[in-house]
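Me: Got a model loaded and want a quick walk through it. Can we start with the strands and then move on to the contacts?

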Amino acid sequence: MKDKTADTTTDSAQPQKTGAQCVIDGLVHAGCEVLFGYPGGAVLDIFNCLYDAPFQFVLTRHEQGAVHMADGYARATGKPGCCLVTSGPGATNTVTGLATAYMDGIPLVCITGQVALNMIGNDAFQEADVIGITRPVTKHNFLVRDADELPDIIAKAFYIATTGKPGPVVIDIPKNIQKQKTAALPPASVTMRAYHPDMPINPAEIAQFSDLLNRAARPLLYVGGGAVSGDAAEVLSALAHKANIPVCTTLMAMGVFSDEDPLSLRMLGMHGSVAANYAVDHCDLLISVGARFDDRVTGKISAFASKATIVHIDIDRSSIGKSVRTDLGVHGYVKPVLEAVLPFVQAADHAEWIEQVQRWKERFPFTYPEQGDVIMPQYVIEQIDKVSKGQAVITTDVGQHQMWATQYFRYTRPRNFISSGGLGTMGFGLPACIGAQFGRPDALNVCITGDGGVQMNFQELVVAVEHQLPIVVVIINNGYLGMVRQWQELFYGRRYSGVMLSQHERAPNEHIPEATRYLPDFVMMAEAHGACARRVTRPEEVAPALAEAFASRKTWVIECIVSPEANVFPMIPPGSHVAEMINRTV
Amino acid sequence: MKHIINCLVENQPGVLARIVGLISGRGYNIETLNVGPTADPTVSKMTIVVPGDTHVIAQVTHQLSKQVDVIEVVNMTNRRHLDRELILVRVATGNHLSRAEIVDLASLFSARVVAVQEDSVTIQMVGNQETVADFLRLLKPYEIIDISRSGVIAVGRDVVDHDAKR
């Protein structure tokens, strides 16, 4: 491999700039408004140029925080998120964030520094095979071997990240390339021989689709993240109302169809509503709109929607027929597909079906045991909805609180629920909330998190404080890693192993010589980071604390000490059919 | 069933690793893999033999097609094609009798003896998957000292409308 720093020959009449400057120019050209990142030896040249960049740079406290912030920004705005980290450990710290974005189809461009080209493979200081490591968790990645290619690669990276099924793209830039001079400019447009995200819609598929829909007696729309990234909320609503089709959504699509719409059955799947899961089981036509039949949705595959003809609309051809038998695959972006089919869909009332679904909704609402003096976690979520008048943009971590956040907050608009769905990444919520706040500064951004998840990236709180971001972090503290504890309660004979975050009732080999107290003390911890904080332990304290935090326009942490062993119901055990649903309310 | 998948890819560093990683990462098996240049120096052709049912092969094909560096994926098994594999096999010849038998067997398969040693003969054999399997089966009674196989390569036999392709 040749180090081109020394011997680049380009037309001397052309203005020359360094590869590092190309990175900044490429980001500007791509419309970057805010870059999240963390410096290091292998990106010093880029940071030097960043000093004069026309967009905002946000220094995070961990590279994982940077990727999750870029991700939260992307989910909240629909624009690609951007982050910049150094080589070696900087790059490896992004892997969880990249995998999170990859699973959920979120557009990100992550720039990583790399050791100089002639050092690659030498086990140089802070060297890691970032291309090899990130390959399975990115949509694509590039190792830049010549600064002349850099403007083109940056443009391609944004193009790949934002088209087709969106996803993260890594650009690995060796240090000598950052110093190399080049006259190359960003291309006017991107063309790629082997990548064609805009496939024309097949009219035959549309005809078959409308035919199936017009003949169906009990149709059901099952809507996923593709409807959010594909900006299909409006046409989805038009279709649902034209033919009176009930709608259930996945975790990724909360709010793309308003929870307050009479046709909404809310979320389906393991912790979805009874009505949604019954509807899946009884429908005769299931229309998947940009959803991918995740195992948390389907449960037992062979019994899933067993009475239904299945239509699957997806921009990702490989997703169609991957998990379940599909009777009709419609390949394309969901919005143009639904727009194409809409004129052929006959208005219908499906009165009997709608009535049936309505009965399920009324008979099986989300309910939880009555609370006495102890706060029920579900109550906290309800109060967040009530006090924010349903206007909050919610981010979550992963586990019980995440599921309660889908059940007890009513989402009415897309991009107002931001959560790690596919990968289930704890530690996502707080940085994602910060990223969302940068993207939508006028929104009320609330992070609903647990005492487990929040500790995984708590250090990022200082970023919110120093930028004076009025985010509100609500910690649902039950002293447990609650979802794992719930599974241990239900499926492992209540043997609580490795789930105690508090000091009591630990397994014999986990005993620690600690008297019971708040540990960590989240209030002190938040205050040490410069945030306002309060601990609430009684139900009547919840709403006033939220109201104060929501009104204050300061960074807030509210710790709610909740009932330790509350469970998420309904629950369809993993790999099971809806008939095996557990739904205890007392 | 085994499927022969031809894959045209950008001739760039890392593409082979991407393809192999994709297939293994999703739990599929590669039986043989052959990579070589094409008439266009910017394009490489990979011939991948993957065992699996229709569902598995459809997934492999779609996943490959999705890759940014993959230009075209063709499941050759579904269309008229020629496939060939080259093997070099060194067989022990304990006595003159067995040498004669092995050479005789080779000639039945139009295989060539490319080296002879005191204790062995080395045979070069070219054939499609079936023929190679037959030949190796008939060699079973003898002691195979070493074998190297090129992996399958395949080319389509249908008339290609070059103008339409462009």
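This is a predicted model: local features need pLDDT of at least 70, side-chain atom pairs count only at pLDDT 80 or more; totals for chains, interfaces and linings use all residues.

Me: Which way do E1(B) and E3(B) run?
Reply: Antiparallel. Strand E1, residues 2-10 of chain B, is joined to E3(B) by nine bridges.

Me: What's the bridge partner of B:Leu8 in E3(B)?
Reply: B:Lys45.

Me: And how many bridges between E2(B) and E3(B)?
Reply: Six, again in the antiparallel sense. E2(B) covers residues 32-37.

Me: What joins E2(B) to E3(B)?
Reply: A hairpin, through five residues.

Me: Where do side chains point in a regular strand?
Reply: They alternate between the two faces of the sheet.

Me: Switching to the interface. How many residues of chain B are in contact with chain A?
Reply: 16 residues of chain B, against 15 residues of chain A.

Me: Which elements of chain B give two or more residues to that side?
Reply: Helix H1 (15-25), helix H2 (54-66) and strand E4 (70-75) of chain B. H2(B) gives the most, with six residues.

Me: Now chain A. What order do the strands of the open sheet take?
Reply: The order is E3-E2-E4-E5-E7-E6 in chain A. That is six strands, with parallel pairing.

Me: Why do E3(A) and E6(A) each have one side without a neighbour in the sheet?
Reply: They stand at the edges. E3 (56-59) and E6 (140-143) of chain A each have a single partner strand, so one side of each is left without a neighbour.

Me: What's the average twist?
Reply: 20 degrees from one strand to the next.

Me: How many bridges between E4(A) and E5(A)?
Reply: Five, in the parallel sense. E4(A) is residues 81-85 and E5(A) is 108-114. Among the pairs, A:Val85 has A:Thr112 as its bridge partner in E5(A).

Me: Which domains does chain A have?
Reply: The domain assignment gives domain 1 (17-182), domain 2 (203-363) and domain 3 (377-574).

Me: How far apart are the C-alpha centres of domains 2 and 3 of chain A?
Reply: 31 Å. As for contacts, 17 residues of domain 2 touch 17 residues of domain 3 in chain A. The domain 2 side has nine nonpolar, five polar and three charged residues.

Notes:
Residues are numbered from 1 along each chain as its sequence is written. Chains are lettered from A and ligands numbered from 1 in the order in which they are written. Two strands pair if DSSP finds at least two bridges between them. Helices (H or I, at least four residues) and strands (E, at least two) are DSSP runs, numbered from the N terminus. Two residues are in contact if their C-beta atoms, placed from the backbone, lie within 7 Å. Axes are lines fitted to C-alpha atoms, for helices over the stretch in contact, and angles run from 0 to 180 degrees between N-to-C directions. Domain bounds come from an automatic or database domain assignment. Ala, Val, Leu, Ile, Met, Phe, Trp, Tyr, Cys and Pro count as nonpolar, Asp, Glu, Lys and Arg as charged, and the others, Gly among them, as polar.
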